[in-house]
Amino acid sequence: MATLKQVAAHADVSVQTVSNALNAPHRLRPDTLERVTRSIELLNYRPNRNARSLRTSAVELIGYCVPSWHGGQAHLVMDQFLHALCAAAETTGRHILLFTAPAGADGMSVYDDLHARRLVDGFVLSQTETHDPRHGWLKDQRIPFVSFGRVWKESTQPGPYVDVDGASGCAMATRHLYDGGRRRIGFLGWPRTSGLAEDRLAGWRDACVELGLPVDGLAVHCVEDTFDEGARGAALLLDASEPVDAIVALSDVLALGALRELNRRGLVTGSDVALTGFDDSPLASVVSPALTTLRQPIDLIANELIDILTSTADVEGPTERLLQPELIVRGSSAPG
């Protein structure tokens with residue numbers, strides 16, 4: 001394998017010029033950069049990743065802990081996100097290293113080992129939680145990181161993040177249902193201990209209040225994010241003394257469970273009861289009727305995460321990017 005010195009000799013430039021071509025190409029004249037680049041390609045030179053990241057504090061390999069989900073089931077949009085994250089990293093010449101670790105303090109030894117062995121230079125975090133030990137440890141170690149998702153119930157965010165505005169999305173879905181003639185709109189959510197659930201619940205509630213719609217007794221807090229819980233929650237809303245004519249679900253999983261319950265009762269989804277989900281998962285477009293849902297901008301999320309992580313050295317303080325979901329209207333919310 002060619003060395004830096006051999007590339008410099010081949011291009012008839014200094015070693016520093018080759019280093020600039022790799023790390024700061026804007027410092028070179030176009031003709032010099034072209035000559036060095038040609039030599040790098042002809043000699044098939046590959047920089048030493050560990051040496052480069054140690055010398056420049058660059059983020060070359062990015063660690064991402066693959067979340068575990070209840071009952072070992074796969075998350076409906078995780079495959080899309082992982083593909084987008086890898087693609088976003090690769091467009092900048094970087095790569096993602098996937099790993100697993102226990103939640104909370106029990107998993108910190110995995111992060112420590114990965115960085116100590118120079119297997120990764122920075123991390124993308126997800127499934128963040130209040131008083132998450134990873135943020136403080138990564139700050140103390142001066143290891144670059146960015147979170148996919150906000151940390152709830154803390155006065156300030158403990159680090160940079162990219163998130164989707166769930167409150168805005170659920171408010172958008174509620175207004176859409178109202179415009180379709182619905183006047184008693186229920187909500188299927190998660191337990192109140194979830195900050196994300198509270199955020200999306202607030203979006204539904206605020207939109208209902210703004211539109212003059214009732215909210216008391218119309219929010220069901222499902223125990224977990226499963227089809228069965230979605231069906232159970234929908235049954236509670238439909239069995240009320242005044243049943244709902246529409247349901248905003250916090251996730252596609254809950255919405256698909258609600259769809260199953262509507263079908264079981266012989267109700268026509270989209271006509272008798274309108275329904276919306278959140279995520280635009282692969283199943284949303286293949287069920288019948290197809291599910292109206294809020295699409296998270298997965299590619300943009302991944303690009304923003306990589307952008308923040310790879311520019312950490314130039315950023316002072318937390319970088320916060322809150323992105324808007326897109327309402328994808330399908331048959332499950334046809335006007336009543």
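Predicted model: local features only at pLDDT ≥ 70, side-chain atom pairs only at ≥ 80, totals over all residues.
Searching the whole structure turns up six aromatic pairs. Take tyrosine 64 and phenylalanine 81: their ring centres are 5.7 Å apart and their planes stand at 65 degrees, so this pair is edge-to-face. It ties together distant parts of the chain, with tyrosine 64 in strand E1 (residues 61-65) and phenylalanine 81 in helix H5 (residues 78-90), 17 residues apart. Are these two residues buried or exposed? Tyrosine 64 has 1% relative accessibility, so it counts as buried, and phenylalanine 81 is buried as well, with a relative accessible area of 3%.

Another of the pairs is phenylalanine 99 with tyrosine 111, also edge-to-face, with 5.2 Å from centre to centre and 85 degrees between the planes. Here the link runs from strand E2 (residues 95-99), which holds phenylalanine 99, to helix H6, which holds tyrosine 111, and the two residues are twelve apart. Phenylalanine 99 is buried at 9% relative accessible area, and tyrosine 111 is buried at 3%.

How do the axes of H6 and H7 cross? The axes of helix H6 (residues 108-116) and helix H7 (residues 133-140) come within 11 Å and cross at roughly 30 degrees. Angles under 35 degrees count as roughly parallel, and H6 and H7 are therefore roughly parallel to each other. Their crossing is right-handed. On the H6 side the contact is made by Met108, Tyr111 and Asp112, and on the H7 side by Pro133, Arg134 and Trp137. Sorted by class, that gives four nonpolar and two charged residues, with no polar ones.

Now for some backbone details in the loops. Aspartate 12, in the loop between helix H1 (4-11) and helix H2 (15-23), has a positive phi, near 60 degrees, and is not a glycine. Aspartate 12 is exposed, with 68% relative accessible area. Glutamine 127 also has a positive phi without being a glycine, at about 50 degrees. Glutamine 127 sits in the loop between strand E3 (122-125) and H7, and its 41% relative accessibility makes it partly exposed.

One last stop: where is the cis proline? The peptide bond from serine 288 to proline 289 is cis, with omega near -5 degrees, and proline 289 lies in the loop between strand E9 (274-276) and strand E10 (293-295).

Key
Residues numbered from 1 in each chain as written. Heavy atoms only, no water. Axes fitted to C-alpha atoms, helices over the stretch in contact; angles between N-to-C directions. Helix = DSSP H or I, 4+ residues; strand = E, 2+ residues; numbered from the N terminus. Parallel < 35°, antiparallel > 145°, perpendicular 65-115°, else oblique. Left-handed = near helix turned anticlockwise from the far one by under 90°. Contact = heavy atoms within 4.5 Å. Nonpolar A, V, L, I, M, F, W, Y, C, P; charged D, E, K, R; others polar. Buried < 20%, exposed > 50% of the residue type's maximum accessible area, 1.4 Å probe, protein only. Phe/Tyr/Trp six-rings, centres within 6.5 Å; stacked < 30°, edge-to-face > 60°.
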